[in-house]
Structure formats: structure tokens, C-alpha cells
Amino acid sequence: MPPSEEFMIPILFAALIPFVAIAKPVDLLTLKPTQTMGSVERTATGETELNAGFFSVAGIYQQMPLKGKSFDISAVFTRSRGSDGIGFVIPVGQQKVAAVFGGWGGRYDGLNRVDGMDPSDSRNPTRRNSKLLNGDAISLKISVRPNKVSVYANGELHFDLDPGTYQLSVLKELDSRFQDGLGVYVINGTVSFESWSVEELP
């Protein structure tokens, strides 16, 4: 006698569970970089250190097909030296932008650029007073969705923006280096990354 339909449905559902794709965070620090700038080294404590020296830039670029997709970036980082910015270059739809901490002489955080304006311009709606202090770790989350870019610092919403309302862009020198992928950089300073990962969403 064949099993009843009510009996078979739970069995079929259970059998399919292992084949359902579940997104997992990708540890960007363990991947071989697509490109680096300046000094990028693994420290004895297992962190990744970017050292830009003076009047210079250090960075990592990871090429990934993320244009037009939803994803979350998580990072924990500490700037040990310097008084200028740390940036995270991200694709937002078909655009790209940099989420910057401690830029413009260490005064401002925000998205660079919004309608051509960096966060030193009071017309940039993401401009915030900087949370970045040398020696203090920042836990960061960047959430990219079709209608929202949200940046959280130490568990609190720091700034957000509807990308459909504004034109986003990056500096020309970053535009040529960071294509369809993710990047981090430090200007005139040294920063250590305890973690940096991305999770693509369905």
C-alpha cells in the first residue's frame, strides 16, 4: 500500500533541505588579493596590516561580481597611526562609492561621493562627525540593498542613503583601480584589520 500524500510531503521536504543554497560570509582577508597598493602584511597576531607610510595610500582590492546585488560587509579594524581616512569601496547597483571613516583631516565619516560632494561638504547627506580614533577598534557593517545603503558603526546606524535618489561615485584614481569588487584603503596611516568579510544575499 503506497504511503499517503500527507506522509510523503514532509519526507520530500526534508530530503531537499541539504540542496538549498545557504549564503555564507566570505573571509576576504584569507583570499589572495586581486591587487594591493602600498604595504600589506599579515601580522604575528593574525591581523592584516595596511601601512601607507607618509603622504601615501595602502589598500586591497578583491574582484567579485557584486554589481546590482544585495550584500553585507562586516569588518573590525583599528587605525594605529595617522589622522586621515580609511575607506571601503563598494558597488551599489551599477554605481560605486566609498564609505569613509576619519577622512578630511580626521573630521568626517560618510559616503564619498554623493552628487559629486565628499563628506567635508555640508550638503552631503551622509556627513557625520568621525568616530575614528587611533587605537580604538571599530566594528563595521555595511548593508547594500537596491533602495538603501546603511552603514553601522559599533552596532549603531551611523548613516544611510537611498541610492536611487542620488548619483554615487568615487575618486578617479579609485575608479580605475576598483572595478566590480570590494576594496579597503588607508591614507597617510596604518590600519590593522581583525576581520573583513562579505555575505551575498539572494
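Val100 stands opposite Gly110 of strand S9, in a predicted model in which local features require pLDDT of at least 70 and side-chain atom pairs count only at pLDDT 80 or more, while totals for chains, interfaces and linings use all residues. Residues are numbered from 1 along each chain as its sequence is written, and side-chain values use heavy atoms, with hydrogens and water left out. Strands (E, at least two residues) and helices (H or I, at least four) are DSSP runs numbered from the N terminus, and two strands pair if DSSP finds at least two bridges between them.

Strand S8 (residues 95-102) is paired with S9 in the antiparallel sense over 3 bridges. S9 also pairs with S10, again antiparallel, over 2 bridges; here Asp109 has Arg128 of S10 as its bridge partner. Of the 5 residues in S9 (residues 108-112), 5 are buried, where buried denotes under 20% relative accessible area, exposed over 50% and partly exposed in between (1.4 Å probe, protein chains only).

These strands belong to an open sheet of 7 strands in the order S2-S5-S14-S7-S8-S9-S10, with antiparallel pairing. Its edges are formed by S2 (35-37) and S10 (128-129), each of which pairs on one side only. Strands S7 (residues 86-92) and S14 (residues 181-187) are joined in the antiparallel sense by 4 bridges, and Phe88 has Val184 in S14 as its bridge partner.

The chain contains 3 helices and 15 strands, and 40% of its 202 residues are buried. Among contacts (heavy atoms within 4.5 Å) with a separation of 6 or more, 64% involve residues 24 or more positions apart.
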